[in-house]
Amino acid sequence: MDVSPLENIVEDLKALPPAKLEVAADFVNRLKRMSEEERQAALARTFGCLSAEEANELDRVIEEGCEQINEHGW
(Lines give C-alpha, C1' and ligand atoms only; values in the text may rest on other atoms or scores of the structure.)
Protein backbone atom coordinates (compact mmCIF):
# COMPACT_ATOMS: atom_id res chain seq x y z
CA MET A 1 0.00 0.00 0.00
CA ASP A 2 1.40 3.40 -1.02
CA VAL A 3 1.43 6.10 1.60
CA SER A 4 1.11 9.70 0.48
CA PRO A 5 3.86 12.22 1.25
CA LEU A 6 1.39 14.10 3.43
CA GLU A 7 0.71 11.00 5.51
CA ASN A 8 4.46 10.41 5.92
CA ILE A 9 4.96 14.00 7.04
CA VAL A 10 2.12 13.80 9.54
CA GLU A 11 3.57 10.62 11.03
CA ASP A 12 7.02 12.23 11.26
CA LEU A 13 5.51 15.28 12.95
CA LYS A 14 3.74 13.10 15.51
CA ALA A 15 7.11 11.68 16.57
CA LEU A 16 8.73 15.07 17.20
CA PRO A 17 9.20 16.50 20.68
CA PRO A 18 7.24 19.73 21.35
CA ALA A 19 10.20 22.08 20.78
CA LYS A 20 10.98 20.51 17.40
CA LEU A 21 7.30 20.55 16.51
CA GLU A 22 7.26 24.33 17.00
CA VAL A 23 10.26 24.67 14.67
CA ALA A 24 8.50 22.53 12.06
CA ALA A 25 5.31 24.57 12.39
CA ASP A 26 7.25 27.81 11.91
CA PHE A 27 8.91 26.41 8.80
CA VAL A 28 5.61 25.26 7.31
CA ASN A 29 4.07 28.67 7.99
CA ARG A 30 6.97 30.42 6.24
CA LEU A 31 6.58 28.09 3.26
CA LYS A 32 2.88 28.86 3.03
CA ARG A 33 3.42 32.62 3.15
CA MET A 34 6.23 32.81 0.61
CA SER A 35 4.89 33.31 -2.89
CA GLU A 36 6.77 32.59 -6.11
CA GLU A 37 7.36 36.31 -6.48
CA GLU A 38 8.90 36.47 -3.00
CA ARG A 39 11.18 33.53 -3.76
CA GLN A 40 12.29 35.16 -7.01
CA ALA A 41 12.88 38.47 -5.21
CA ALA A 42 15.02 36.74 -2.57
CA LEU A 43 17.09 35.12 -5.30
CA ALA A 44 17.42 38.42 -7.14
CA ARG A 45 18.66 40.14 -3.97
CA THR A 46 21.54 37.67 -3.67
CA PHE A 47 22.43 37.68 -7.38
CA GLY A 48 25.54 39.72 -8.06
CA CYS A 49 26.42 40.16 -4.40
CA LEU A 50 30.08 39.27 -5.02
CA SER A 51 32.54 41.67 -6.54
CA ALA A 52 34.52 40.53 -9.59
CA GLU A 53 37.55 39.94 -7.37
CA GLU A 54 35.53 37.90 -4.86
CA ALA A 55 33.97 35.83 -7.63
CA ASN A 56 37.38 35.15 -9.18
CA GLU A 57 38.81 34.16 -5.81
CA LEU A 58 35.86 31.86 -5.11
CA ASP A 59 36.29 30.27 -8.53
CA ARG A 60 40.02 29.77 -7.88
CA VAL A 61 39.45 28.23 -4.44
CA ILE A 62 36.79 25.87 -5.76
CA GLU A 63 39.02 24.84 -8.65
CA GLU A 64 42.00 24.19 -6.36
CA GLY A 65 40.07 22.56 -3.53
CA CYS A 66 37.74 20.29 -5.41
CA GLU A 67 38.61 16.90 -6.74
CA GLN A 68 39.74 16.97 -10.33
CA ILE A 69 38.59 14.35 -12.80
CA ASN A 70 41.37 12.23 -14.22
CA GLU A 71 40.03 10.97 -17.52
CA HIS A 72 42.82 8.37 -17.67
CA GLY A 73 42.17 7.13 -14.14
CA TRP A 74 39.49 4.63 -15.09
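F27, V28 and L31 form a nonpolar patch on the surface, with about 280 Å² of accessible area together. A patch joins residues that have over 30% relative accessible area and no salt bridge; nonpolar side chains (Val, Leu, Ile, Met, Phe, Trp, Tyr) are linked within 5 Å, like charges within 9 Å. Areas come from the Shrake-Rupley method with a 1.4 Å probe, and for residues only the protein chains shown count as cover.

This is a predicted model: local features need pLDDT of at least 70, side-chain atom pairs count only at pLDDT 80 or more, and totals for chains, interfaces and linings use all residues. Residues are numbered from 1 along each chain as its sequence is written, and side-chain values use heavy atoms, with hydrogens and water left out.

V28 sits in helix α2, which covers residues 18-33. Its relative accessibility is 42%, so V28 counts as partly exposed. Here buried means under 20% relative accessible area, exposed means over 50%, and partly exposed lies in between (1.4 Å probe, protein chains only).

Now step back to the whole chain. It has four helices and zero strands. Read from the N terminus, the order is α-α-α-α. Both kinds of element are DSSP runs numbered from the N terminus: helices are H or I with at least four residues, strands are E with at least two.

How does the radius of gyration of the chain stand against that of a compact globule of 74 residues? The chain has 21 Å, whereas such a globule would have a value near 11 Å. The radius is taken over C-alpha atoms, and the globule rule is 2.2 Å times the number of residues to the power 0.38. Along the principal axes, the C-alpha atoms fill a box of roughly 50 × 40 × 25 Å. Of the 74 residues, 1% count as buried. The chain exposes about 7300 Å², and carbon and sulfur atoms supply 60% of that area.

Next come the charges. The chain carries 8 positive and 17 negative charges, and their mean positions are 12 Å apart. Lys and Arg count as positive, Asp and Glu as negative; His and the chain ends are not counted. Each charge is placed at NZ of Lys, CZ of Arg, CG of Asp or CD of Glu.

The structure holds four salt bridges. The criterion is a side-chain nitrogen of Lys or Arg within 4 Å of a carboxyl oxygen of Asp or Glu.

Start in helix α1, residues 5-14. E11 and K14 both lie there, three residues apart, about one turn of the helix. They form a salt bridge, with the closest N and O atoms 3.2 Å apart. E11 is partly exposed because its relative accessibility is 48%. K14 has a relative accessible area of 60%, so K14 is exposed.

Return to helix α2. D26 pairs with R30 in a salt bridge, the closest N and O atoms being 3.2 Å apart. The two are four residues apart in the helix, so about one helical turn separates them. D26 counts as partly exposed at 40% relative accessibility, and so does R30 at 42%.

Finish in helix α4, residues 52-65, where E64 and R60 lie four residues apart, about one turn of the helix. Salt bridges with shared partners join E57, R60 and E64 into one network. Between E64 and R60, the closest N and O atoms are 2.8 Å apart. E64 is exposed because its relative accessible area is 57%. R60, at 38% relative accessibility, counts as partly exposed.
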